[in-house]
Amino acid sequence: MSTLPSLAFAGIGLMGLPMSRRLLAAGFPLSVWNRNPAKCETLVDAGAQVVVSPGDLCREADIVMLCLADTAAVREVVFGPGGIVEQGLPGQLLVDFSSCEPAATREMAVELEERCGMRWVDAPVSGGTPGAAAGSLAIMAGGAEDDIERLRPILAHLGQRLTRMGEVGAGQVTKVCNQMIVACNALVIAEVVALAEQAGVDASLLAPALYGGFADSKPLQILAPQMAESSFEPVKWHVRTLLKDLDTAVKLSREQGSATPMSGLAAQLMRLHGSQGNLERDPATLVELYRQEGEA
């Protein structure tokens, strides 16, 4: 019999799939659920058990993990028909890796504990699909200190670093800050690549030329080569995700009375790009927005 805690995972997408694979490889008993069950097939082959509803994840799991598209999806999986709240029990933990609105996260955490006794830890991640596959994610968590310490040995298989940022919701605030930096950076990198091209410079040389300098960053090293080569497949993340997170940032800034003009402009530009049929495409396609401007 395994002495490891039993885990459950809802949301087998770009991030959830490699994260689940790592948990299985580490020997954790794992049950999984996804709206499209076909996405779970490779996990079943690796030893996971598929359940028919989100609530069924709670039947044998000590810890239930979510990695879903947005706040609405999390609310539906937790509180909708057949949801986690229907079978959750005191002593079980819900760990939400999704990027959600901080205020909504706090409200859902209170409701979940009041209705079934489960406690909530928001633990959004940064590092993308490469980080999920390598187990090198940065995890920013909000929740009770004891709950996060209980999770630490498990999340060590998913991330290189787990930082408790405060009470429930603090992880989501931190992820908003992360996404503000990432999204604004992606848009500037797109401007840079397009400008270099239009000025007659080989844009494929930008990333190696700037490597190690003050302008260097992971987004530069990842996105600039993709943009220069117009290499947009396979999709590693989505424009819609960055747009959703920028909208959350602007909403949070209004709630807090804080100014976020750069992120507000970034949201407008991201929305423009998304409206041109790019919501499901990789953010490397942002360079096309500026190439079109240059060709106009």
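## Paired strands and their crossovers

Strands β8 (137-142) and β9 (159-166) pair in the parallel sense over six bridges. Strands here are DSSP runs (E) of at least two residues and helices are DSSP runs (H or I) of at least four, numbered from the N terminus; two strands pair if DSSP finds at least two bridges between them. Isoleucine 139 stands opposite leucine 162 in β9. Together with helix α6 (residues 145-155), β8 and β9 form a right-handed β-α-β unit. A crossover is right-handed if, with the strands pointing away from the viewer, the path from the first strand over the helix to the second runs clockwise.

Strands β5 (residues 93-96) and β6 (residues 119-122) are also parallel, and their pairing has four bridges. Leucine 93 has arginine 119 in β6 as its bridge partner. With helix α4 (residues 102-116), β5 and β6 build a right-handed β-α-β unit.

## Basis of the model

The model is predicted: local features need pLDDT of at least 70 and side-chain atom pairs count only at pLDDT 80 or more, while totals for chains, interfaces and linings use all residues. Residues are numbered from 1 along each chain as its sequence is written, and side-chain values use heavy atoms, with hydrogens and water left out.

## The largest pocket

The largest pocket holds about 1,400 Å³ of space. Of its 48 lining residues, Met15, Gly128, Lys175, Trp237 and Thr241 are the closest to its centre. On a 1 Å grid over the protein atoms alone, a pocket is an open set of points where a 1.4 Å probe fits, with protein on both sides within 12 Å along at least five of seven lines; lining residues have an atom within 4 Å of a point. Grid points are joined across faces, edges and corners, and a volume is the space filled by probe spheres set on the points.

Several elements each supply at least two residues of this lining, among them β7 (125-126), α5 (128-134) and α10 (239-256). Helix α7 gives the most, with seven residues. By class, the lining has 20 nonpolar, 19 polar and nine charged residues. Ala, Val, Leu, Ile, Met, Phe, Trp, Tyr, Cys and Pro count as nonpolar, Asp, Glu, Lys and Arg as charged, and the others, Gly among them, as polar.

## The second largest pocket

The second largest pocket has a volume of about 260 Å³. Its lining comprises 13 residues, and Ser31, Gln49, Val51, Asp56 and Glu60 lie nearest its centre. Seven of the lining residues are nonpolar, three are polar and three are charged.

Alanine 183 belongs to helix α7. This alanine 183 is buried, with a relative accessible area of 0%; buried means under 20%, exposed over 50% and partly exposed in between, with a 1.4 Å probe and protein chains only. The C-alpha atoms of alanine 183 and valine 239 are 9.4 Å apart, although 56 residues separate them along the chain.

Helix α11 (residues 261-278) has 18 residues and should span 26 Å, which agrees with the 24 Å between its end C-alpha atoms. The expected span is 1.5 Å times one less than the number of residues. The buried residues of α11 include Ala266, Met270 and His273.

## The loop between α9 and α10

Serine 230 is found in the loop between α9 and α10. Although serine 230 is not a glycine, it has a positive phi of about 50°. At 37% relative accessibility, serine 230 is partly exposed.

Proline 234 lies in the loop between α9 and α10. A cis peptide bond, with omega of about -5°, joins glutamate 233 to proline 234.
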